[in-house]
Amino acid sequence: MKTYLFFLLSLAGLFLQNSCSIQNSSFEREVQFNDNWKFVRADISGAEKLDFDDSDWRVLNLPHDYSIEDLPEKEGVKQIGPFSEESAGGASTGHVVGGTAWYRKHFTLNKTDADKIIKILFDGVYMNSDVWINGHHLGNQPYGYSAFSYNLTKFLNPVGEENVLAVQVKNEGENSRWYSGSGIYRNVELIKTTPIYVDLWGNYITTPKVSTEKATVNIETKIVNSTSENEELNVIIKIQTANGETVATSEKMVEIESSKSISVQQNIEVLSPKLWDTETPNLYTAVIQLKNGSKTVDQAQTKFGIRSIEFSPEKGFLLNGKSVLIKGGCLHHDNGILGAAAFKSAEYRRVRIMKENGFNAIRVSHNPPSELFLDACDELGILVMDESFDQWQLPKKKDDYHLYFDDWWEHDMEAMLLRDRNHPSIIIWSVGNEIKERGNESGLKIAAFLKAKVKEFDTTRPVTQAVCKFWEYPKKTWKNSEPLFAQMDIQGYNYRWQNYEEDHKNFPERVIIGTESVAKEALENWQMVEKHPYVIGDFVWTGMDYFGESGIGHNKLKSDGVITLPPWPWFNGFCGDIDIIGNKKPQMYFRDVVWGNSNLEILVHAPIPAGEEEDVSFWGWPNELKSWNWQGNEGTPLQVSVYSRCDKIILELNGKVVGEKPVSEETKLTARFEVPYQPGELVAIGFMEGKEVVRQSLKTTGKPAQLKIVSETENILSDENDLVYFNIEVLDENGLLIPDAEIPINFNIRGKCKLQAVGNGNPTDMKSFQQPKVNSYRGRCQLIVRKTKDCSEIEVTAFSNGLKSVNYKVSAN
């Protein structure tokens, strides 16, 4: 069974990893298989059969997440949009509903496909999917985050006759601690090869020697001969730059027996290589060609980067020999108001937003991401900690992956490693997060198995797991973490920066990384990174908001009592530095100062009722805003926080000095003032050694007078299902953003396109994400439009009662 799974996985990942796009029709190895699927959100008997009547099913294009879609009305049940009080996951999964659904795809092979091996590759289906081709059951895949593939060949109808692929998805019970989404939410590909081919995930590329003068590129290629004859092949490799220039070549003659596979190694020297790093993420493509005599029987491509990584307690983390401090954020896999659907535009956008906000690393939490997400990290220059599991044998939810771990861990680990190991962005493998058995003998044994599996497929990167305190084992202390840390190459600490220095004294060989931290302790964590080379970086929980773990980052009044996850209508974790639609939150402004990306930021705390106190959750942030709109609180003292790396702050209100304070790391880069509110302009001025170096102001705005629409792209890209993001702002008559504006906004959309999602950053604004209306939140909201075939122009009009409508056009390239 294991050999069969390995064969399928290896065959399946070639497209994902290799990102082939061969123009020669004879080597059209990977065909996009996302379009024109039939779908029904129900458990229907017999839907796997070839002759099943699906004529009344909905037609859609992938990727698709049915948990984000509006639910039908149900009498006596509290629900709105995709949210329902009957959600099995409740607050953990954001009050959405999973359930069973079916997909069916009708397709016909071409004459050129005759005698080819045909495979289907899924980059991820959540979860517990079963797949049939023409009524033949191909297999089951429980884990919703693994890529997997099946061989269709022997079950296909002759060329010219219709085939039907059927997929049943079962997202049932309490199986996740966060929003997972449901369905075929990542890409699907049809893979067509001749009987002699480069296997799936069959290229393993390493760069054992790297300098600016030259680099050694080692390429190990797995080749499969499924014919009944022994064959002699010439394996030709060309290494090309991004613009297609060939910079190195290699050839090797090999013999391969019938019905066997072999691995072929070639070392290639590249002179004056363009190295991959976070500032200049240069990529190369290895083009692998198999020739049988004068005939080319296969051709495949794999993108890779030339770079070196090194970790030590003395030097920290070195990328190409240079010290890099890891400025990291943890991210779940969802794309906010799109749900879990892994659109290329959305995956690249998340990575771009993280980088634009100063992050240079992402920990994918707590599962392998989409292939598109890793491609984006490669291309945009973001370091990655690639993580496999959130649980092993012991559950965190009663229906989660622990039910499948013993039977599937090896399969799913191999899928991650084989698919992902050529991505230069990945620098660390993580085998688990806050694993329950981390302090037990069974946990040590499992960790050893997992680490050994990593080393079987990749020896170039270190292995870690994210370890938190033993909160579920009251008799255990931090000392009990020593055996499991001793197993790992890198020691991952969740929320334990206070232990770094003491642990280093006792274990000077450790290389420590903060695998999770909170925004409130951003400065303390970063001080450890800057001070000690053995602390190589920090990942905040989280970089961006996500659905599920509803309200874990809340703030409230103490009189509200003790709350872990706030109840309905909270659906958003709200612990991110960046909100669900991509805007900075207050803690991101503070981090900007901590990281030196901003000299000064000013925020104002919302008024707290007399006699009350604010209670901020561990993952939360005080209720601060970049706003001087506090009408109704005239004369009330408001707390003004100025975050800065200057040495002195002077605060002015309407031209008059209202306070002066020193600021330093001893004051946590914070100068706080109590300022009686009156409308006007609040100005913070930063001084260094007596000289003004920066100033920032907040102005009281007028009432909503106009709307502003800005598209994140000026042109429609070529992908048929590309997304266009429109950001809407509520402005006053002077064109100032109104930071407390919450007004209803409606949309009209014209063009060959469809509304994909609308939303805002409000963690409690439960609503449909699929209707052309939304409330602004803190003056902003977002509309996402999905382009369809032959779309040449999209025009969006936004309007709100009492305001002049505004429109925006985006045209094709």
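I take buried to mean under 20% relative accessible area, exposed over 50%, and partly exposed in between, with a 1.4 Å probe and protein chains only. The model is predicted, so I keep in mind that local features need pLDDT of at least 70, that side-chain atom pairs count only at pLDDT 80 or more, and that totals for chains, interfaces and linings use all residues. I number residues from 1 along each chain as its sequence is written, and side-chain values use heavy atoms, with hydrogens and water left out.

**Entry 1: backbone angles**

I looked up Y495 first. Y495 is buried, at a relative accessible area of 16%. Its phi is positive, about 60°, although Y495 is not a glycine. I found Y495 in the loop between β28 (491–494) and α7. Helices here are DSSP runs of H or I with at least four residues, strands are runs of E with at least two, and both are numbered from the N terminus.

Next I looked up W201, which is not a glycine and has a positive phi of about 55°. W201 sits in strand β13 (residues 196–210). It counts as buried, at 1% relative accessibility.

I then turned to the peptide bonds. The bond from Y126 to M127 is cis, with omega near -10°. M127 belongs to the loop between β7 (117–122) and β8 (129–133). Another cis peptide bond joins W541 and T542, and its omega is about 0°. T542 is in the loop between β30 and β31 (555–557). I noted these cases because most residues other than glycine have a negative phi, and most peptide bonds are trans.

**Entry 2**

I wanted two numbers here, because two packed helices are described by the angle between their axes and the distance between the axes. The axes are lines fitted to C-alpha atoms, for helices over the stretch in contact, and the angles run from 0 to 180 degrees between N-to-C directions.

At what angle do the axes of α2 and α3 cross? They cross at roughly 40° and come within 9 Å, with α2 covering residues 344–356. That makes α2 oblique to α3. The cut-offs are under 35 degrees for roughly parallel, over 145 for roughly antiparallel, 65 to 115 for roughly perpendicular, and oblique for the rest.

The crossing of α2 and α3 is right-handed. A crossing is right-handed if the near helix is turned clockwise from the far one by less than a right angle, and left-handed if anticlockwise. Contact residues, meaning those with heavy atoms within 4.5 Å, include K344, Y348 and R352 of α2 and L372, F373 and E379 of α3. I sorted the residues of this contact into seven nonpolar, no polar and seven charged. In this sorting Ala, Val, Leu, Ile, Met, Phe, Trp, Tyr, Cys and Pro are nonpolar, Asp, Glu, Lys and Arg are charged, and the others, Gly among them, are polar.

How many residues of α3 are buried? Eight of the 10 residues in α3 (371–380) are. Among them are E371, L374 and D378. G381 follows α3 and has a positive phi, near 85°.

**Entry 3: helices α8 and α9**

I looked up α8 (residues 522–531) and α9 (residues 586–594), which pack at an angle of about 25°, with axes 10 Å apart. The two are therefore roughly parallel to each other. Their crossing is right-handed. In the contact, A522, L523 and W526 of α8 meet F590, R591 and V594 of α9. I count five nonpolar residues, no polar and one charged in it.

Seven of the 10 residues in α8 are buried, including W526, M528 and V529. I checked what covers the buried residues of α8, and found β23 (326–331), α7 (500–506), β29 (512–517), β30 (535–540) and α9 among the elements.

**Entry 4: cysteines and a loop**

I searched the whole structure for disulfides, pairs of cysteine sulfur atoms within 2.5 Å, and the search finds zero. C468 is buried at 4% relative accessible area. C781 is in no disulfide either, and the nearest cysteine sulfur, that of C753, is 17 Å away. C781 counts as buried at 1% relative accessibility.

Last, I looked up A242, in the loop between β15 (231–240) and β16 (246–256). A242 is exposed, at 79% relative accessible area. Its C-alpha atom is 9.4 Å from that of K303, which is 61 residues apart along the chain.
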